[in-house]
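Please read it alongside the sequence and the coordinates.

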Amino acid sequence: MDLRNETYRDSLLYFIAMEPTTIREGYLVKKGTLLNSWKVVWVVLADDAIEFYKKKTDNSPKGMIPLKDAKLTSPCQDFTKRTLVFKVSTAKNQDHFFQASHLEEREVWVKDIKRALTCLQGGKKFARKSTRRSIRLPENVNLSELYVLMKDQDSGVKELKVEKDKRLFNHCFTGNNVIDWLISEGKARNRAEGLMLATGLLNEGFLLPAGDVSKDGAEKGAECVFLDQIEALYYFADSGFFCEGYSSDEDVIMKEEFRGAIVKQGCLLKQGHRRKNWKVRKFILRDDPAYIHYYDATKGEDDPLGSIHLRGSVVTAVEYVPDSKRQEVDGNLFEIITSDEVHYYLQAATADERKDWIKAIQSVAKMGK
């Protein structure tokens, strides 16, 4: 049909304008609506709905969540053993639960969903705001900005190695140190106000309890769950925290690979070595001694499925993977070849994400030498 026809052209422009805009997409863990199982899905946030797919390559979504008159809850604390969960409740009171792989991932998803909901309510088109951060905190404290300041290596809360009850807690700090820092930096006028801010950071998942004292305080459900005590230990949600005991020399050796601070984390598609099938795994990249661990994304981080020692390794982008069908995986692939010449094939969600992972792994590989 001739595009110069005015009626057809106007109809085409209207159709294009009505097409939903993709705002964000990526892997998240989702709770089943009928069963209680949690599974990794590919999630696409549009300006009027959230679609989720069994696989990224699927053409048809497994389900769709309309955002009109929906409500967002974050953090969602309906599940005591799961962190970084947020909930989307539809106008028909159907609850959908999603879990991010790390704190920053949850924050960007929540931020974009909130703005999409606001735009729908106001009849406006979704448009991204500037990500430029204000140096001065607003009157109503932004906990995300406060968290960034607390993590600053030069002027933030200092991470410690604390020995307690025959255990060694790495990359943690005490509750009273947090309150002291908030007051010294002018974020709180007194300890009571500092306790309120610290409790907010704890409830939002920016800070996590370490050790029995702080965990007991967090689980009591009191008005202020954060404890202003030297015995109460906490850690940053995306730090390199781990705890080790003194049961044997083997435990200490095994924990050595977890000593590095977390450089990057997120979900990637990984090819199995035996069956050559592809599964979504959560990856955590740590600096010196240069390890990347991968986990079942639907479970916790207590037991990694495996690890890759990056010292002396080579990482490059690749266009295809041997022994893999093109319809199974295509695009944004990269390969890690270890010093023992073991090949690992991975796929990122986007070209930019692949570039970021390759750059981060190359940097850590050099650091671990």
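Alanine 290 lies in the loop that runs between strand 14 (278–286) and strand 15 (291–296); strands here are DSSP runs of E with at least two residues, and helices are runs of H or I with at least four, numbered from the N terminus. The model is predicted, so local features are reported only at pLDDT of at least 70 and side-chain atom pairs only at pLDDT 80 or more, while totals for chains, interfaces and linings use all residues. Residues are numbered from 1 along each chain as its sequence is written, and side-chain values use heavy atoms, with hydrogens and water left out.

**Backbone geometry**

- Alanine 290 has a phi near 65 degrees, a positive value in a residue other than glycine.
- Alanine 290 counts as buried because its relative accessibility is 0% (buried is under 20% relative accessible area, exposed is over 50%, and partly exposed is in between, with a 1.4 Å probe and protein chains only).
- Glutamate 341 also has a positive phi, near 65 degrees, and sits in the loop between strand 18 (333–337) and strand 19 (343–347).
- Glutamate 341 has a relative accessible area of 63% and is therefore exposed.
- A cis peptide bond, with omega near 0 degrees, leads from serine 74 to proline 75.
- Proline 75 belongs to the loop between strand 5 (71–73) and strand 6 (85–89).

**Salt bridges**

- Side chains of opposite charge can pair when their charged atoms come close.
- The structure contains six salt bridges, each defined as a side-chain nitrogen of Lys or Arg within 4 Å of a carboxyl oxygen of Asp or Glu.
- Lysine 87 pairs with aspartate 78 at an N to O distance of 3.9 Å.
- In that pair, lysine 87 is buried because its relative accessible area is 14%, and aspartate 78, at 48%, is partly exposed.
- Arginine 106 and glutamate 107 form another salt bridge, with 3.1 Å from N to O.
- Arginine 106 has a relative accessible area of 1% and so is buried, whereas glutamate 107, at 23%, is partly exposed.
- Between glutamate 193 and arginine 189, the closest N and O atoms of the salt bridge are 2.8 Å apart.
- Glutamate 193 is partly exposed at 22% relative accessible area, and arginine 189 is exposed at 71%.

**Surface charge**

- Lys39, Lys54, Lys55 and Lys62 make up a patch of positive charge on the surface.
- Patches take residues with over 30% relative accessible area and no salt bridge, joining like charges within 9 Å and nonpolar side chains (Val, Leu, Ile, Met, Phe, Trp, Tyr) within 5 Å.
- Accessible areas come from the Shrake-Rupley method with a 1.4 Å probe, and for residues only the protein chains shown count as cover.
- Lys and Arg count as positive and Asp and Glu as negative, with His and the chain ends not counted; a charge is placed at NZ of Lys, CZ of Arg, CG of Asp or CD of Glu.
- Lysine 39 is in strand 2 (residues 38–46) and is partly exposed, because its relative accessibility is 49%.

**Cysteines**

- The disulfide count is zero, where a disulfide is a pair of cysteine sulfur atoms within 2.5 Å.
- Cysteine 119 is buried at 11% relative accessibility, and cysteine 267 is buried at a relative accessible area of 9%.
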